[in-house]
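Here are a few notes to read with the model open beside you. Take them one at a time and find each spot as you go.

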Amino acid sequence: MTGKRKRILTGDRPTGKLHLGHYVGTLNNRVKLQHEYDTFILIADIQALTTHYDRPGMIRQAVRDVTLDYLAVGIDPNVATICVQSLIPEIAELTVLYGLITNMNKLRHNPTTKAEAQQLGLIQGEDLMTGFDQLTYGFFGYPISQAADITFVNADLVPVGRDQMPHIELCRDIVKKFNGIFGTSIKEPEGLVGEAFLHALDGSAKMSKSLNNAIFLADEPAQIKAQVMKAVTDPARIHPTDPGTPEICNVYKYHQVFSKEIVEETAKKCRAGTIGCVACKKVLVKHLESLLTPFRELRKEFESKPDEVDEILIEGTKRARREGKKTLEHIRERMGTDYFGQKTSELLPVP
Ligand code: SF4
């Protein structure tokens with residue numbers, strides 16, 4: 001499974017079921033990448049707890065849901081390694097070690113953390129320091145934990161959206177400094193920019209359950225239809241015969257992704273006023289259903305076999321720990337914290 005293939009680390013914060021935005025943004029790509037790269041998919045439950053520490057029950061359910069969504073879209077556990085962050089103590093250990101050498105200003109000026117803190121209403125304006133009464137140590141320092149997530153398996157590449165690049169840059173800085181101080185040879189991972197972005201059908205950038213604007217991969221046909229039918233279209237179109245401007249329509253943007261074979265024809269009909277928005281939405285519903293029905297069916301199949309799903313996570317997590325153990329042994333040896341030679345590892349048993 002490993003061979004000489006380059007290694008990828010990717011994953012999700014489990015805060016609920018995955019939706020179409022995740023599929024277009026990353027999942028679709030991962031299904032292809034798993035055959036090309038040695039792929040580790042980390043279910044980052046500790047990352048999720050940095051912002052949802054008061055809802056561990058929700059995270060517990062989401063770990064299961066996210067796993068089912070992976071399997072439903074075609075992540076093959078015989079090819080890719082799916083693992084759970086909190087069950088990998090090597091990540092926690094590496095987080096502590098990276099924390100030793102990371103300058104506070106690096107964290108304070110990380111634009112991605114700032115943007116997230118703003119979205120969560122934790123800071124006023126731009127400066128993370130304005131939120132020190134609200135920000136937790138875990139949230140402020142989560143780029144360090146993310147650097148540990150990426151490097152505990154010595155990943156070469158991390159597939160990311162452009163907005164995540166500052167985290168990768170910080171990760172590379174941390175690793176470079178760490179290697180420089182301790183003489184380790186941890187890889188400086190590179191970002192594989194290529195993840196796409198899909199707006200919600202109401203035009204919002206964020207798709208979520210609380211905004212009731214997401215189409216989840218597990219949704220039934222009636223739920224898919226309900227979301228599409230309430231989508232915001234060209235507001236200038238009052239009657240089905242009014243000429244429209246597809247470029248400003250959310251439904252059209254979805255046609256560009258999910259109904260590629262009819263997208264030009266749809267644009268022509270819209271401009272000419274020969275198709276109404278209701279009919280146009282119904283076509284999109286049909287296309288979405290043909291994409292999502294096989295996912296939903298496969299998801300249900302896995303859902304009916306919880307022991308098999310447990311086994312997938314257990315085996316994946318064991319493999320990830322074995323890789324993490326190699327990385328930490330190397331670090332201990334270079335840092336000189338392998339105080340009892342090989343016996344040091346006996347104090348830290350891993351499967
Ligand atoms: S006809 Fe289709 S593309 Fe044109 S505005 Fe209506 S929903 Fe959008």
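**Notes on the model**

1. Start with helix α2 (residues 45-52): the buried residues here are Asp45, Gln47, Ala48, Thr50 and His52. Buried means under 20% relative accessible area, exposed over 50%, and partly exposed in between (1.4 Å probe, protein chains only). Helices (H or I, at least four residues) and strands (E, at least two) are DSSP runs, numbered from the N terminus.

2. Before going on, a word on the source: this is a predicted model, where local features need pLDDT of at least 70, side-chain atom pairs count only at pLDDT 80 or more, and totals for chains, interfaces and linings use all residues. Residues are numbered from 1 along each chain as its sequence is written, and side-chain values use heavy atoms, with hydrogens and water left out.

3. What covers those buried residues of α2? The cover includes β2 (38-43), α3 (56-73), β3 (81-84), α7 (137-140) and α8 (142-151).

4. Now look around the ligand: you'll find Thr233, Asp234, Arg237, Cys249, Val251, Tyr252, Cys270, Ile275, Cys277 and Cys280, each with a heavy atom within 4 Å of it.

5. Next, asparagine 154, in the loop between α8 and β4 (157-160). Its phi is near 60 degrees, a positive value in a residue other than glycine. Asparagine 154 is partly exposed, at 21% relative accessible area.

6. Asparagine 212 also has a positive phi, near 50 degrees. Look for it in the loop between β5 (190-193) and α10 (221-229); asparagine 212 is partly exposed, at 46%.

Technical notes: Contact = heavy atoms within 4.5 Å.
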